[in-house]
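Have the picture open and be ready to click on residues as we go.

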Amino acid sequence: MESLSTNAGVRLTVSQCFRSLTSSTDTKDIITALQTLHSFLNGDPESKTTSGERTEFRRAHYTRTLQLLVGNMEADWLHSFTAAQRTELWDGLFLKGPPEQALLVLMDAIGALRPTTSLDRLVSITERFLQSRRLADLLWSYCLQTAPTDSPQLRETLLGRVASLPDLTANKLHLNNRPCFLPQQYYPLLATEMLTVLERTCQALRDGKDCSLMFVAEVLGKVCMQGHSGLVLAVMAPRLSSCTRSDMVWQRVCWKLLENVPQRWMESVLTGLVQAVSGPDAFGRIIGNLVLTNKKAQFFITHKLLLLQYKYETQVLRIVLGYLAADRDRRPLLLQVLRSVSQAWANPSAVKHTPLEQQLYVSKALLLSVSLLKDSELQELRSELFQCMLGGMQSHLDSSVVRIRHMGMVVGECLSSRMDINGTKLKFEYDHNEETRELLSLMTPLTCNEPELEPEPVNGDDELTPYDMSGDQELSQASPPRYLRDCLEIFTSSEDPVRVELSLRVAESLVRKNVFAAKEISVQMSKVLLHMEDKYSIKGFLSLRQTTMVALTVTDCIPVTQYLTTEFYSLNYSLRQRLDILEVLALAAQELSKPVGEKITPSTGIATTTELTSYPGDNPVHWRQVVEKRIQSKTKRLSKGATQPVARATPNRYAPVAGHFFFPLLRNYDKPQVTFDLLGTDHLVLGRLIHTLGLFMHLAVNAPIAAQMGCALLDFVWTVRYHVDQMVRRGVLFAVCSVFMSMPSQNLLVDLGDQLFETRTWLADVAEGDPDADCRNLAVQSLVLLDKSLKKQLQDPKALES
């Protein structure tokens, strides 16, 4: 009953803390909740929680707590903390609890998050997790079997996270990976942590406590299997060799560690270890009689390493064969190896068909094995060696390869000298080079004097090097986000005016800098910005929002354009929002029509495009100049002074997507809605829509779809050409000018032949009788453009023939 009461009390307290963290806006409540959660992790006597409560929290609630913290990383209260508060209250929860749970939550979150400030914070915490020796605590918890009972699947997942952490972080962080996650730093650190655990195990055994090395052995095996045995065992082997020299407890621990390595990874561990130790004695002290008790180890040491592989240095052969010869129980395996190697060396087929390097490797193994034989063993194998010598020498001397013949001569000399058959010793004449001299030297056993290294403590807590935090930067409360997803998160969930403003000011540059990230959330972010209100009276709010939306439209043109053109006729939008849509589309089309090489710098794109997208009703003089300039470009001149250099041809990004901007806006203009009546009272929006369509037409000059756009635009504006609002009439005339400027001359006759006479009559009426002077001027310019286009086309003989 007491246990049930404790569990219920902990569950209630944790639930209250969770509610505060997810819903409270009072910083004091947040701090109190975090401090309460910390109290379940503190083991000091002054802690208000009991041992049972702390155990229950670690068992049932710690992982949920970390997952809640990760899920609320964009909360305003976290960003309102000082750096010291974040380190103590937030980071500390990841660094004080059960390390296996913390590592799994951190790695899962890092794998799931996109590049954001939240990801950077989790990466930094993981870095501190490694630097604060938490890996040793994790491994030690499994040695003491105090880790929570987990399923084989969960254990395998944790094993994979520990063994493959550099790969996981590199795949996620790419060029932003931290140095401590690189294999060159991580695996030596992991090796040091394993040594720390082995030292604790030795001390525990001396104190009469039981320990399990199963998980540590699995970590060692998996790391070696993944190809990192060199980095790990370069740290572990010298230390193990030194500690096992005179300490039987260390020897027992090492033997148990190797026995617990899973069979599928045994070869990888032994391969790395035999290359890392200094000699056969050290190898024997570390693995003991593993070769006698483990069939996988025996096959690798006595057969595969000697006869199937030949990539190792001579020192490896010395260590392996010396290990077999060093113990009375292992010497029978040495004789078995000698028989196998001598048969392989004497095999005529092997001499003909195996690589020369492998033959040299087998020759070295043969000579080293013979050199390690006792006289009694030599007498036992004399006949077999004699037959080997005769058959093998014959096969080698018959070879046409000089090196193989020399190899046979040297081995024959050495065998005859060792066997001393009737005092007869073979002697051949051959060149004494580096290879033959090495073979001859193998018959002289080396005395392996290992350096006497005093065992040193493995980085105890008192010897820990302080973590260098000189390069850390305190994230102030006014730090702008560095990732686009952070901006989106702040726009949707934050109530902090400073964070919203900073995000709004950097959003455009982030869109343009990271096109890939922008395309992932382009439509979602456009939706958020379209509905965004200036709740905090941010200076330049409309301009900042608009530039970001333009950047999104340019970056991911078709999806964003489809969204905006669809929303233009949707319900429940204000007139301001509909005008915003038109302005964003107009500015984006203008930017896309610029040459690719003409760089658009963030926050200045609007300034460079406003001139052309301004509404003709606002600045009619400017549009008369645009039209007149286009008329001049269509007029031939016999001479005009010095010629200008020909402009360099560049791709037009707008032409292929012009239809996506243009045609959806013609879809539902004649369907009045509850809040929007385009052909009724909403004159302002109608005028802006016509002007925007005219702009799209103007920018589509020379585009393949220009003719189709021109026909559709004339059909649309024809119904409102006598509109009572002069702004609408100006937009209509500008649209007509755009058709005449951008539509190919031949298409005017072919596609609009029946309408041209009526259109010309209407333009003449407007030029004479419209009460607005700007409308009259635009009508005159439209007539000039139409007449020039028709005159050019009628004077073209090919056009007349067609």
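Below is a short tour, from the whole chain down to single residues and pairs.

## Ground rules

What you see is a predicted model, where local features need pLDDT of at least 70, side-chain atom pairs count only at pLDDT 80 or more, and totals for chains, interfaces and linings use all residues. Residues are numbered from 1 along each chain as its sequence is written, and side-chain values use heavy atoms, with hydrogens and water left out.

## The whole chain

The protein chain has 40 helices and zero strands. Both are DSSP runs numbered from the N terminus: helices are H or I with at least four residues, strands are E with at least two.

Of the 802 residues in the protein chain, 52% are buried. Here buried means under 20% relative accessible area, exposed means over 50%, and partly exposed is in between (1.4 Å probe, protein chains only). The chain exposes about 38,400 Å², and carbon and sulfur atoms supply 52% of that area. Such areas come from the Shrake-Rupley method with a 1.4 Å probe, and for residues only the protein chains shown count as cover. Now for contacts, meaning heavy atoms within 4.5 Å: among those between residues at least 6 apart in sequence, 74% join residues at least 24 apart.

## A helix with a bend

Take a look at helix 28, residues 515-531. Its 17 residues should span 24 Å at 1.5 Å a residue, and the end C-alpha atoms are 23 Å apart, which agrees. (The expected span is 1.5 Å times one less than the number of residues.) Where does helix 28 bend? The spot is isoleucine 521, with a bend of about 65°; that is the angle between axes fitted to the seven residues ending there and the seven starting there.

Ile521 is also one of the buried residues of helix 28, a list that includes Ala518, Met525 and Leu529. The cover over these buried residues includes helix 26 (484-493), helix 27 (497-513), helix 29 (541-555), helix 30 (557-568) and helix 31 (575-593).

## Inside and outside

Is leucine 190 buried or exposed? At 0% relative accessibility, it counts as buried. You'll find leucine 190 in helix 12 (residues 183-206). Leaving aside neighbours within four places in sequence, leucine 190 is in contact with Leu135, Val162, Val219 and Val223. Valine 162 is 28 residues from leucine 190 in sequence, and their C-alpha atoms are 8.7 Å apart in space.

Now hop over to valine 750 in helix 38 (residues 745-769). Valine 750 counts as exposed, at 68% relative accessibility. Together with Leu749 and Leu794, Val750 makes a nonpolar surface patch of about 280 Å². Patches are made of residues with over 30% relative accessible area and no salt bridge; like charges are joined within 9 Å, and nonpolar side chains (Val, Leu, Ile, Met, Phe, Trp, Tyr) within 5 Å.

## Two asparagines in loops

Most residues other than glycine have a negative phi. Asparagine 572, though, has a positive phi of about 65°. It sits in the loop between helix 30 and helix 31, and its 67% relative accessibility makes it exposed.

Asparagine 702 has a positive phi too, near 70°. Its loop runs between helix 35 (683-699) and helix 36 (706-718), and at 74% relative accessibility asparagine 702 counts as exposed.

## Salt bridges

A salt bridge is a side-chain nitrogen of Lys or Arg within 4 Å of a carboxyl oxygen of Asp or Glu. How many salt bridges does this rule give? The count comes to 34. In one of them, arginine 499 pairs with aspartate 76, with the closest N and O atoms 2.8 Å apart. Arginine 499 is in helix 27 and aspartate 76 is in helix 5 (residues 76-80), so this pair ties together parts that are 423 residues apart in sequence. At 5% relative accessibility, arginine 499 counts as buried.

Aspartate 772 and arginine 730 form another salt bridge, with their closest N and O atoms 3.1 Å apart. Aspartate 772 lies in the loop between helix 38 and helix 39 (773-794) and arginine 730 in helix 37 (residues 726-742), so the pair ties together parts 42 residues apart in sequence. Aspartate 772 counts as buried at 8% relative accessibility, and arginine 730 counts as buried at 6%. Elsewhere, salt bridges that share partners join Arg545, Arg576, Asp580 and Glu583 into one network.

Definitions and conventions: The expected span of a helix is 1.5 Å times one less than its number of residues.
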